[in-house]
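Dear colleague,

Here is the structure I promised to pass on to you.

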Amino acid sequence: MSELASLIDPSKRIGTVTRVTASAVELTLPSALAALGRRGLAKGSVGDFVFVDCDRSAILGRVTEVGIPDRQRNVLEHQIETDPTVEPQGRVQLLATVSKTTRKVTRGINTQPRVGDGVYLAEGGALSNSIKDALEGDVKGDSAPLLVELGHLSGLDDAALSIPPEKLFGRHCGVFGATGGGKSWTVSRLVNEIVRIGGKCILFDPTGEFTGKVAGAREFEFSNDQAAEGRLVRFPSEKLSELDLNALLRPTGQSQGPTLRSAIISLRLARLLLADPVRFPQHAVEGSDALRIEVQHNHQTVGFIHLDENRTVSKASQHRKPLGRAQLMLADQLAADDCDFDLRVLSNQIGKECLFPANTDGTFGAVDPRQVGYNNTLVIRIETLLNSPDMSCFFSKDGLDICAEIEAFLEDQHARALVLSFENVSFKNNTRELLLNALGRYLLGIARQGRFRKKPLVCLLDEAHQFIGRSVGDDQNSVNLDAFGLIAKEGRKYGLSTVVATQRPRDVPQDVLSQLGTLFVHRLTNDRDRETIERACGDLDRNAAAFIPSLSQGEAIIVGPDLPAPLPIKMSKPEKGQRPESHGPNYQVYWGREQAGDVID
């Protein structure tokens, strides 16, 4: 039997089409009955892949229902220990069309089956090769294409499934599944396959379960006093946005908010003035470390801005005109959204913004003690956060600059994976959410520069429901956690792709879900989660979705615009050293020992 002819194997015939609808056929299944002592010989069960022989083409389908006609059920019960005369019937969901001559798989049903057509069990190798040819399609080149090896089709051990990275990550990817469904193993498989085929990826690990589980990865940790040398990192506070800072400090709207905004502008101005001594000449103040910054306009001196020893802007009783002129000259830079100034002197600058109304001679008023009192809680909060161990990932000087490490990783042609552990980052003050959102925003900024167009990067975000589609802060100082949502919406054109993994797809915004191309759907038992997936993916109809609650561990339905149909797949287990630590506590070890007098460290 030739390779092409093996698509339809006469020895694997299981039945005949008896009824045809737009998306399914009904058929007889004479060999499907589990007769006494012959159960292993039965052919045709729910979940089997089949081919419907339609002359020049074959229709790929999957058995979704098997049963005995109502009128024959009593006969079956009476003849359970003899050879029954009943004939089972089944229903097959039609998935795609396969050409017998070219083995090409196309989406949709191009040739409608007819009553009397034969139905045959699909041979794993033939089905696998057909899908492989369809997926490789336009990515074939002079050499063999790169393929991400995932596993095999459920129930067909010889039907391996591999997908080119363009079809898997090109339109972003989602991994969904309830606890124990195999979601973490799928993420591990994807990361290690990216490494194997020479790709580049960054894995954001909220729980630390992937530490040491990615081959050859560079690994870093935030906020861990026990981190090994060279692994502790921090996100530089100057790359935070002003909105991030407001969400952390939560100033009151009427008094503290305007004062904080004014202090930030003053510190930005001080940094810009000091950075350009040619344009803004500096004059030392005799007997102190203070400076007077000369502001000129049309080659004439407008006045001086006074910077104290700690390089904060002193305003009380100073002329307003030079400050206003400098702000006009530097308006574009002052409108920046980052916190590129010295946060350590922010509370000091706030005190210098608390002034009485301006004087009639064009000078600022004196310090207003009442306003100082209004802003006292803000100052205390600033000092508390700057010195809090919980905020060390932002404000501590210990650890490496993660932005510099990301740059080094991107420039290193031999580096394949970067794993960032958030296990020890505090949940207080929404620190975890703000940190990850800031990192996503930083990567998106790099992508917008076009640096990933020829060096594609995949970002993998586990526990995504914690970090996407939420707002943190109070009503007046909220930050939308939209960085990874923006990556999903616009990252593709820049070469920046994302893999979103979560056990709660209902908490991921629909506009993000709609941007995901390929989905791995593991076992989901919650009705709302399944409905969310069905709405997000038009290819996953109710017949295919009916298998989701009963998927075994490590089994998933993979859906995507480049796949011929929703395909159930048994993911290959990660190698022993690559399996994430996602198991719970060992109750057999840690419970009941106290009664026995044992102490478990």
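Ring pairs link Phe204, Phe222, Phe422 and Phe484 into a cluster, where rings of Phe, Tyr and Trp (for Trp, its six-membered ring) pair if their centres lie within 6.5 Å, and where planes under 30 degrees apart count as stacked, over 60 as edge-to-face and the rest as tilted. Please keep in mind that this is a predicted model, in which local features need pLDDT of at least 70 and side-chain atom pairs count only at pLDDT 80 or more, while totals for chains, interfaces and linings use all residues. Residues are numbered from 1 along each chain as its sequence is written, and side-chain values use heavy atoms, with hydrogens and water left out.

A search of the whole structure finds six aromatic pairs. One of them joins Phe204 and Phe484, whose rings are edge-to-face, at 5.4 Å centre to centre and with 85° between the planes. This pair links distant parts of the chain, because Phe204 lies in strand 11 (residues 201–205) and Phe484 in helix 15 (residues 483–490), 280 residues apart; helices (H or I, at least four residues) and strands (E, at least two) are DSSP runs, numbered from the N terminus. Both Phe204 and Phe484 are buried, a word that means under 20% relative accessible area, with exposed standing for over 50% and partly exposed for in between (1.4 Å probe, protein chains only).

The rings of Tyr587 and Trp591 have planes at 75° and centres 4.6 Å apart, so this pair is edge-to-face. Tyr587 is partly exposed, with a relative accessible area of 46%, whereas Trp591, at 60% relative accessibility, counts as exposed.

Turning to the helices, helix 5 (residues 242–249) and helix 6 (residues 256–275) pack at an angle of about 135°, with their axes 12 Å apart; axes are lines fitted to C-alpha atoms, for helices over the stretch in contact, and angles run from 0 to 180 degrees between N-to-C directions. That makes helix 5 oblique to helix 6, since angles under 35 degrees count as roughly parallel, over 145 as roughly antiparallel, 65 to 115 as roughly perpendicular and the rest as oblique. The contact (heavy atoms within 4.5 Å) is made by Glu242, Leu245, Asn246 and Leu249 of helix 5 and by Leu260, Arg261, Ile264 and Arg268 of helix 6.

Finally, Leu513 is found in helix 16 (residues 510–513) and, at 2% relative accessibility, counts as buried. Leaving aside residues up to four places away in sequence, Leu513 touches Phe176, Pro505, Val508, Thr532 and Ala536.
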